[in-house]
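Thanks for coming, everyone. I have one structure to walk through today. Please look at the screen.

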Amino acid sequence: MKNKTKATILTAIIVFIILLASQTMAAGSLVDTSDPSYKDGSYTLDDIRSYAIYIIKLILSLVGTLSLVFFVYGGLTFLLSAGNQTQVKKGMDIIQAAVIGIVITFTSVLLINLFFHGIGINWNPATGKIPF
């Protein structure tokens, strides 16, 4: 049983690393080296906000993705338990934790969106675009 737990943890870590790498590669570089601000160092508050929103979006997408992965893992554990009560409880606990993670992620997006609207930034969490 210990080897199975180690394998599960190792698989989760590998999936997390792959998801992190794919998110980073899909988004491209955080800093646009062709931007004139990069060359002369004349960044503005809008640039800092853009970086903050980029990082927030990256973190929330990773947390949401991991929650869904664990939701599926918990469902598979529950389905493959074959009536073993400890496996059923383990699967249900994983599903419950994943649902809590999804709720926290959606609540975070809602609170961040509310905060940005409060300070005058019209941020669309679906697209990540900020009209300046």
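Let me start with charge pairing. The structure holds one salt bridge, meaning a side-chain nitrogen of Lys or Arg within 4 Å of a carboxyl oxygen of Asp or Glu. Its partners are the side chains of Lys89 and Asp93, at 3.2 Å from N to O. In general, side chains of opposite charge can pair when their charged atoms come close. Lys89 and Asp93 both sit in helix α4. They are four residues apart, about one turn of the helix.

Asp93 is partly exposed, because its relative accessible area is 36%.

Now the ground rules. This is a predicted model, where local features need pLDDT of at least 70, side-chain atom pairs count only at pLDDT 80 or more, and totals for chains, interfaces and linings use all residues. Residues are numbered from 1 along each chain as its sequence is written, and side-chain values use heavy atoms, with hydrogens and water left out.

On confidence: pLDDT is the predictor's confidence in each residue, from 0 to 100. The protein chain has a mean pLDDT of 75. Of its residues, 68% reach 70 or more. Which helix does worst? Helix α1, residues 2-27, has the lowest confidence, with a mean of 67. Helix α4 has the highest, at 86. Where pLDDT is low, the predicted coordinates should not be read in detail.

Next, the overall layout. The protein chain has four helices and zero strands. Helices here are DSSP runs of H or I with at least four residues, strands are runs of E with at least two, and numbering starts at the N terminus. Along the sequence the pattern reads α-α-α-α. The chain has 132 residues, and buried ones make up 21% of them. Contact means heavy atoms within 4.5 Å. Among contacts with a separation of 6 or more, 55% join residues 24 or more positions apart.

What about the inside? The largest nonpolar core has five residues: Ile53, Leu60, Ile112, Phe116 and Ile121. By core I mean a set of buried Ala, Val, Leu, Ile, Met, Phe, Trp, Tyr and Cys residues joined through side-chain atoms within 4.5 Å. The elements giving two or more residues to this core are α3 and α4.

Leu62 is in helix α3. Leu62 has a relative accessible area of 9%, so it is buried. Val63 is also in helix α3. Val63 is partly exposed, because its relative accessible area is 35%. Leu62 is 43 residues from Thr105 in sequence, and their C-alpha atoms are 9.7 Å apart. For Val63 and Thr105, the figures are 42 residues and 6.8 Å, C-alpha to C-alpha.

Thr77 lies in helix α3. Thr77 has 9% relative accessibility, so it counts as buried. Leaving out residues up to four places away in sequence, Thr77 touches Gln87, Lys90, Gly91 and Ile94. Lys90 is 13 residues along the chain from Thr77, with 7.4 Å between their C-alpha atoms.

Gln87 is in helix α4. Is Gln87 buried or exposed? Gln87 is buried, because its relative accessible area is 16%. Beyond its neighbours within four places, Gln87 is in contact with Lys4, Thr77 and Ser81.

Ala82 is in the loop between α3 and α4. Its phi is near 55 degrees, a positive value in a residue other than glycine. Ala82 has 77% relative accessibility, so it counts as exposed.

Last, the surface. The protein chain exposes about 9200 Å², by the Shrake-Rupley method with a 1.4 Å probe, where for residues only the protein chains shown count as cover. Carbon and sulfur atoms supply 72% of that area. One nonpolar patch covers about 860 Å², and its members include Phe71, Val72, Phe78 and Met92. The elements giving it two or more residues are α3 (45-79) and α4 (85-118). Helix α3 gives the most, with five residues. Patches are made of residues with over 30% relative accessible area and no salt bridge; like charges are joined within 9 Å, and nonpolar side chains (Val, Leu, Ile, Met, Phe, Trp, Tyr) within 5 Å.

Technical notes: Buried < 20%, exposed > 50% of the residue type's maximum accessible area, 1.4 Å probe, protein only.
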